[in-house]
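These are my notebook entries on a structure I went through today. I wrote down what I looked up in the order in which I looked.

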Number of protein chains: 2
Amino acid sequence: MSICITSTGLYTPPYSISNEELVDSFNQYVDKYNKQHEAEINAGEREPLEHSSAEFIEKVSGIKSRYVMEKEGILNPDIMAPVIPYRQLGEEMSIMAEMGLAALQEALDAAGLTGKDLDGIIVACSNFQRTYPAIAIEIQHHIGMEGGFAFDMNVACSAATFGLAQVVGAIKGGLGKKIAMLNIEICTAHLNFRNRDSHFIFGDVATATIIEELDTPKGFEIINSKLYTQFSTNIKNEFGYLDRSEFLAAKTAMYPDINEPVTDKLFLQNGRKVFREVCPKVSEIISTHLAENNIDSSELKRMWLHQANLNMIDLILRTVVGKDADKSIAPTVIDEFANTSSASPVITFHRHNEGLNSGDLAIMCSFGAGYSIGSVLLRKV
Amino acid sequence: MSICITSTGLYTPPYSISNEELVDSFNQYVDKYNKQHEAEINAGEREPLEHSSAEFIEKVSGIKSRYVMEKEGILNPDIMAPVIPYRQLGEEMSIMAEMGLAALQEALDAAGLTGKDLDGIIVACSNFQRTYPAIAIEIQHHIGMEGGFAFDMNVACSAATFGLAQVVGAIKGGLGKKIAMLNIEICTAHLNFRNRDSHFIFGDVATATIIEELDTPKGFEIINSKLYTQFSTNIKNEFGYLDRSEFLAAKTAMYPDINEPVTDKLFLQNGRKVFREVCPKVSEIISTHLAENNIDSSELKRMWLHQANLNMIDLILRTVVGKDADKSIAPTVIDEFANTSSASPVITFHRHNEGLNSGDLAIMCSFGAGYSIGSVLLRKV
């Protein structure tokens with residue numbers, strides 16, 4: 001019996017924002033902010049904000065555009081967040097469920113399956129729009145599963161590989177034979193569009209991956225996985241249910257700094273430290289994973305890496321495979337999608353899994369907040 | 001090789017609140033509310049709130065008291081929420097990590113292990129105080145694990161059994177041999193203490209369960225698990241990261257109704273529907289699970305059930321085992337702890353796993369929001 005990825009599906013949001021559009025809005029915000037705080041800035045009591053540029057963004061990240069679920073609010077310098085109307089739970093489908101469902105339907109169609117064939121759904125991503133009931137259970141309902149289980153898990157940007165590893169475990173533990181793993185990300189809703197260092201980083205998307213236990217393998221066989229985590233606060237988002245209790249203790253209103261360029265309640269990172277600390281660790285984990293499977297890095301035909309930053313992808317490829325490694329081994333989608341957190345290695349797989357021969361070895365690798373790193377070893381059937 | 005629960009640990013919060021104390025505060029709030037809205041109430045435009053009583057609470061739930069992380073704020077009729085000072089992430093240990101660590105240390109001590117022996121930690125509960133980095137990874141750091149993985153998952157009240165099933169899968173999938181599954185609940189922070197139907201339901205607690213793959217089994221062998229979910233909005237908590245986007249769309253402040261007796265942003269349930277729909281389904285899942293393992297319900301020596309409500313526990317016991325079933329088969333801790341969400345079946349196991357003989361069969365079963373139901377079949381070694 002083999003456990004295989006038999007198909008994937010991709011939901012692409014309706015709008016795209018170019019770097020130029022984003023920077024135009026950001027620079028308007030900067031001008032307003034500096035004017036509003038002119039007296040303090042002139043008195044040296046507050047740092048002025050700096051303009052950004054499309055060239056800067058592309059140079060440091062490789063990102064040219066990002067898809068978003070809502071565009072006007074993000075680009076309005078007085079709002080700078082997606083404006084998403086509330087949907088009555090139980091009467092309308094939740095937005096995360098809708099996105100996931102579209103990706104899942106595409107993946108099921110590609111695998112020649114329907115919702116009735118599924119035994120389980122795991123939604124693995126970096127944020128959830130509610131505490132309960134689980135988004136996965138809402139999708140289970142709408143896709144027409146009969147029985148089975150569904151649940152949500154959060155491993156930030158590494159959720160896809162951790163999710164795949166959990167699916168494999170669920171199959172080996174006898175919980176089912178056909179399980180879908182979904183990554184649904186509205187990253188723009190927890191992104192701080194007023195923060196010059198990170199406002200350009202993320203995009204929205206949803207992916208679905210179908211994993212099946214099969215007598216006759218097809219697609220990509222999952223050989224095994226290696227998961228690694230190490231505590232770091234260099235990437236964080238402290239939004240959570242204790243906020244009310246903490247604001248009561250601080251005797252402030254709820255979220256007094258939510259519209260500031262720096263707030264703990266939205267995505268916040270120390271990008272330089274992350275780059276310096278995560279890249280070598282990711283390379284080490286992949287290399288160790290290969291060594292544990294007696295695979296030489298020269299045998300690696302494809303690496304579907306987390307798309308956080310083009311320079312990170314280049315560095316990891318060169319460290320693992322060699323400094324003259326063919327860039328086509330680690331394909332990228334970051335220019336079009338930006339960083340889509342958990343979904344990014346799956347989009348990359350979805351777009352770039354052709355051209356491999358039977359028996360070819362490949363790695364899907366995610367990394368991000370936690371820190372968390374997951375490496376899944378695959379063999380083309 | 002066997003996969004066994006080899007120990008558990010329990011962290012009990014520093015304070016306890018009796019029904020009498022809770023009702024005294026609640027009734028003060030009711031009087032203030034009715035006085036504040038006197039004109040509207042007299043004009044028939046608003047329903048007055050009703051007093052509660054300690055007897056009512058005990059009669060409908062079996063709860064006599066609950067442990068809490070903070071007491072004064074909850075009992076202050078002008079606050080009615082735990083007041084918990086913010087701790088600087090990375091400089092001080094997070095409160096959820098601290099609670100989980102205490103339970104984990106007790107469990108490790110009982111198993112004769114240290115943090116270095118662990119390969120993974122899963123924190124499975126109904127709410128997380130932040131989005132990332134994961135609470136599990138913070139605990140991994142503080143318990144002194146060397147390498148390994150950790151992540152958070154949320155399956156509301158069913159998180160313990162779903163967590164156990166994931167641990168078994170992780171072991172079978174080769175991710176590790178010794179894994180801890182933690183349930184950390186500060187339920188009082190997402191409870192609406194202004195809601196007469198539910199203000200008494202929850203308490204705070206943390207539990208830890210050590211699961212080991214062993215040549216020579218000990219403790220309780222995990223035979224297998226059955227997980228089931230079915231979408232329902234009868235138990236919900238819609239707090240989440242899209243709230244900002246939704247309040248922007250609604251053009252309101254953040255959380256305008258957070259201090260009302262009914263708000264979607266805290267725990268909210270239709271208790272009667274839940275009772276009517278969940279009890280028969282739980283009984284059916286346990287009975288099916290036993291039948292799939294060719295076990296007659298008369299062979300079941302112990303059921304560690306989710307402690308949501310004493311009447312539910314009685315009904316499930318009688319439905320599964322028989323109407324004259326010995327109540328000691330399904331021990332309870334709800335009188336002392338109230339409902340502690342994911343942790344409750346583990347507390348019940350922790351307190352009441354003595355008196356079984358080698359080979360005796362038992363079930364740990366959780367159920368709750370989603371709906372989600374998990375049944376884990378255990379054999380006393």
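**Where the two chains meet**

I began with the area buried between chain B and chain A, which comes to about 7100 Å², with carbon and sulfur atoms giving 64% of that area. I noted beside this value that I am working with a predicted model.

Next I looked up which parts of chain B take part, and I found that helix H5 (95-111), helix H6 (135-142), strand E5 (149-154), helix H7 (159-172), strand E8 (220-229), strand E9 (235-236) and helix H8 (243-250) of chain B each supply at least two residues of the side that touches chain A. Sorting that side of chain B by class, I wrote down 44 nonpolar, 26 polar and 10 charged residues.

I then looked up the residues in the contact, to which chain B gives 80 and chain A gives 78.

**A strand pair across the chains**

I followed strand E5 (residues 149-154) of chain A and saw that it pairs with E5(B) in the antiparallel sense over 3 bridges. I also looked up A:Asp152, whose bridge partner in E5(B) is B:Asn154.

**One loop residue**

Last, I turned to A:Asp324, which lies in the loop between helix H10 (310-321) and helix H11 (334-337) of chain A. From A:Asp324 to A:Gly100, 224 residues apart along the chain, the C-alpha atoms are separated by 38 Å.

Terms used:
Residues numbered from 1 in each chain as written. Chains lettered and ligands numbered in written order. Predicted model: local features only at pLDDT ≥ 70, side-chain atom pairs only at ≥ 80, totals over all residues. Heavy atoms only, no water. Helix = DSSP H or I, 4+ residues; strand = E, 2+ residues; numbered from the N terminus. Contact = heavy atoms within 4.5 Å. Buried area = accessible area lost by both parts, 1.4 Å probe. Nonpolar A, V, L, I, M, F, W, Y, C, P; charged D, E, K, R; others polar. Pairing = 2+ DSSP bridges.
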